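Hi,

Here's the structure I said I'd pass along.

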Amino acid sequence: MSERSTAHAAGPHAQVRRTRRLDADQADATVASDPTEATDEAGQTTAEYALLTGAIALLVAAVTAWATSTGKIGRLLDAVFNYLTKAIS
């Protein structure tokens, strides 16, 4: 095959595809060359989860303390069990 037929066989978009592939490879190399970036984000995510978990635990503790001091949970459970036993009988 001649040089001209080889270029034609590759198509007019062959150079564009090669360039895009090189750009993608360079982008991957840039991301991989900064290892602190990934660990900083992972550490930040872990800290956010820890803070959120702590806030939820405090909220649950406050609601539990309120519900126990008012006796509303006990009355609610009594009402549910009474309703169920009457429905079954």
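**What turned up**

I73, L76, L77, V80, F81, Y83, L84 and I88 make a nonpolar surface patch of about 850 Å². Patches here take residues with over 30% relative accessible area and no salt bridge, joining like charges within 9 Å and nonpolar side chains (Val, Leu, Ile, Met, Phe, Trp, Tyr) within 5 Å. A salt bridge is a Lys or Arg side-chain nitrogen within 4 Å of an Asp or Glu carboxyl oxygen, and areas are Shrake-Rupley with a 1.4 Å probe, with only the protein chains shown counting as cover for residues.

Before you go further: this is a predicted model, where local features need pLDDT of at least 70, side-chain atom pairs count only at pLDDT 80 or more, and totals for chains, interfaces and linings use all residues. Numbering starts from 1 along each chain as its sequence is written, and side-chain values use heavy atoms, leaving out hydrogens and water.

On confidence (pLDDT, the predictor's per-residue score from 0 to 100), the protein averages 75, and 55% of the residues score at least 70. Helix α1 (residues 3-10) is lowest at a mean of 52, while α4 is highest at 92.

The fold has four helices and zero strands, taken as DSSP runs numbered from the N terminus (helices H or I, at least four residues; strands E, at least two). Of the 89 residues, 2% are buried, i.e. under 20% relative accessible area, with exposed over 50% and partly exposed in between (1.4 Å probe, protein chains only). The accessible surface comes to about 8,000 Å², 66% of it from carbon and sulfur atoms.

T68, in helix α3 (residues 35-70), is exposed at 60%.

Cheers
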